[in-house]
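Look over the model, then follow the answers.

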Amino acid sequence: MAGLVGFRQLGLSFLLAHLANASSGCYENIPPLPSAATGTSSNGMPLLVYSHGYGGNMDMATYFLRAIASTGAIVAAVEHTDGTASSTELKDDNDGTTTTTTTTTTLPFSPNLLSGREQLDRRANELLEAASQLKSILPSDFEIDRSRVFLGGHSYGGPSAILAAKRRCGLDIAGIILHDPALSMAYDDMLSPVEEDNDDTTNTSTSSSSSRKNNHIPVISYTSDEYNRAGVKYGDCTLHVRGAFHGNFVDAPLWAPSWVMRTLSFLIPVAGPADPLQVHEELAKSAAVFMKDSKQEQVYTANIMKGGLFEYIS
């Protein structure tokens, strides 16, 4: 975590050194809550496969993603092997191929390892691979509702999720959840509306797609103060999270005392004036509504706006 891009360039990695031994807020081998306690369907829980931003990693949003999981969802944070992670462990070789060996290689932040298109290509494929393989590796009591598989991402993870949804590879993608999507880092041909492919004969799940207008895959975007000022919006519904900075969509405001992180925000937008726990809680509840109602034609509802931080943009 100390190697996160931005902190390292400014010589501020020492602020994050303590995170090497900090709790992630998550626990191993804990059974899921009963469906009655979370409102989860008897068909299983929705799955959100989530992509980190440029210079980030799979650990930097554990408290935020835990908040989403607590609403009755399975959340899988992917750490990408395209060179844009702050650091990642590769099994056996430098292209991320998993083998039966236990040999690992550390790949540091390597933004020039691949071209921009190659980065997004690999990121999209890794999201789809995670979505397709999770069922086989999860404990039996974590049942995935295959009609409610979602993709999501923060910053550079936004265009990664969009591209993955366009490819699908036989998966029934129920929707996309984006936080400050870095649309400027994508390519124009990647940003058209995401539609389902009626000719995809490998997709046998039709329960969710049958009720969507024109085979459209719904997308909701949440933007920080700075992204909202820049006019960033994408998908069926964009909500501005008032008082949130770019780092509020991960755990950045929790990495050090508030006065430290908010002062640091004069250099890096890590923590806005909003209460970071309130930001996580309201985002999680809104995402839960979206995942529950994504089969409906209308994405925007009053329930998706519940809380004191949201401003409807489009």
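Q: Is Glu 281 buried, partly exposed or exposed?
A: Buried means under 20% relative accessible area, exposed over 50%, and partly exposed in between (1.4 Å probe, protein chains only). Glu 281 has 43% relative accessibility. Glu 281 therefore counts as partly exposed.

The model is predicted: local features need pLDDT of at least 70, side-chain atom pairs count only at pLDDT 80 or more, and totals for chains, interfaces and linings use all residues. Residues are numbered from 1 along each chain as its sequence is written, and side-chain values use heavy atoms, with hydrogens and water left out.

Q: Which residue forms a salt bridge with Glu 281?
A: A salt bridge puts a side-chain nitrogen of Lys or Arg within 4 Å of a carboxyl oxygen of Asp or Glu. Here the closest N and O atoms are 3.0 Å apart. The partner is Lys 285.

Q: How many residues apart are Asp 82 and Arg 123?
A: Their side chains meet in a salt bridge, 3.2 Å from N to O. Asp 82 sits in the loop between strand S2 (74-78) and strand S3 (87-91), Arg 123 in helix H3 (residues 116-137). The pair links distant parts of the chain, and the separation is 41 residues.

Note on methods. Helices (H or I, at least four residues) and strands (E, at least two) are DSSP runs, numbered from the N terminus.
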